[in-house]
Amino acid sequence: MTTPAQTESTEASTAVILTDVAAQKVKALIEQEGRDDLRLRVAVQPGGCSGLRYQLFFDERSLDGDVVTDFDGVEVVVDRMSAPYLGGATIDFADRIDAQGFTIDNPNAGNSCACGDSFS
């Protein structure tokens, strides 16, 4: 039997965090698509120079074992295989002259490549 506190800590450890800025950008991009059934899916796939690569894309599917977190109306979905690699990771959006796009700050990444596209 689990207590509510244990359940919350388990969910928090497997959840991805989406900043307010990133949530607003995702919401705007989904609105541009003209669909209301899309969610942001975050996944980890083999590849890149450090071994694993992040993938962010819009998806309407629901897969068995998905971890779904809602951020002010924006749902972020992580598949069960990627969840251990992404628990506690923060997704942000930068729109500056020196950086533009989504960034992922992942406390689970031991090493990352110079381009920031992959990690191990």
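R35 is partly exposed, at a relative accessible area of 37%, where partly exposed denotes the range between buried (under 20% relative accessible area) and exposed (over 50%), computed with a 1.4 Å probe on protein chains only. The side chain of R35 meets that of D37 in a salt bridge, with an N to O distance of 2.9 Å; a salt bridge requires a side-chain nitrogen of Lys or Arg within 4 Å of a carboxyl oxygen of Asp or Glu. The model is predicted, so local features need pLDDT of at least 70 and side-chain atom pairs count only at pLDDT 80 or more, whereas totals for chains, interfaces and linings use all residues. Residues are numbered from 1 along each chain as its sequence is written, and side-chain values use heavy atoms, with hydrogens and water left out.

**Overall architecture**

- The protein contains three helices and eight strands; helices (H or I, at least four residues) and strands (E, at least two) are DSSP runs numbered from the N terminus.
- Read from the N terminus, the order of elements is α-β-α-β-β-β-β-α-β-β-β.
- Of the 120 residues of the protein, 32% are classed as buried.
- The accessible surface amounts to about 7,500 Å², and carbon and sulfur atoms account for 50% of it; the areas come from the Shrake-Rupley method with a 1.4 Å probe, and for residues only the protein chains shown count as cover.
- Among contacts (heavy atoms within 4.5 Å) between residues at least 6 apart in sequence, 54% join residues at least 24 apart.

**Salt bridges**

- The salt-bridge count for the model comes to nine.
- The side chains of R41 and D59 form a salt bridge with an N to O distance of 2.6 Å. Because R41 belongs to strand β2 and D59 to strand β3, this pair ties together parts that are 18 residues apart in sequence.
- Both R41 and D59 are buried.
- R41 also forms a salt bridge with D66, whose closest N and O atoms are 2.9 Å apart. D66 lies in the loop between β3 and β4 and R41 in strand β2, so the pair ties together parts that are 25 residues apart in sequence.
- R41 counts as buried because its relative accessibility is 2%, and D66 is buried at a relative accessible area of 18%.
- Shared partners link R41, D59, R61 and D66 into one salt-bridge network.
- As background, side chains of opposite charge can pair when their charged atoms come close.

**Nonpolar core**

- The largest nonpolar core comprises 20 residues; such a core is a set of buried Ala, Val, Leu, Ile, Met, Phe, Trp, Tyr and Cys residues joined through side-chain atoms within 4.5 Å.
- The residues with the most contacts inside this core are V16, L18, L40, V42, V76, V78 and L86.
- At least two core residues come from each of α2 (20–33), β2 (39–46), β3 (52–59), β5, α3 (83–86) and β6 (90–95). The greatest contribution, four residues, is that of α2.
- Leaving aside residues up to four places away in sequence, L86 touches A15, V16, V42, A43, V44, Y54, V78, N106 and N108.

- Strands β4 (residues 67–71) and β5 (residues 74–78) run antiparallel and are joined by five bridges; two strands pair if DSSP finds at least two bridges between them.
- V67 stands opposite V78 of β5.
- The two strands form a hairpin with two residues between them, and D72 in the turn has a positive phi of about 50°.
- T69 is part of strand β4, and its C-alpha atom is 6.9 Å from that of A15, a residue 54 positions away along the chain.
- With residues up to four places away in sequence excluded, T69 touches A15, V16, V74, E75 and V76.

**S82 and its polar contacts**

- S82 lies in the loop between β5 and α3 and counts as buried, at 1% relative accessibility.
- A polar atom of the S82 side chain lies 2.9 Å from the backbone nitrogen of V44.
- The side chains of S82 and D79 make a polar contact at 2.9 Å. A polar contact is a pair of N or O atoms within 3.5 Å; within protein, one must be able to donate a hydrogen and the other to accept it, and residues adjacent in sequence count only if both atoms are side-chain atoms.
- Not counting residues up to four places away in sequence, S82 touches V42, A43 and V44.
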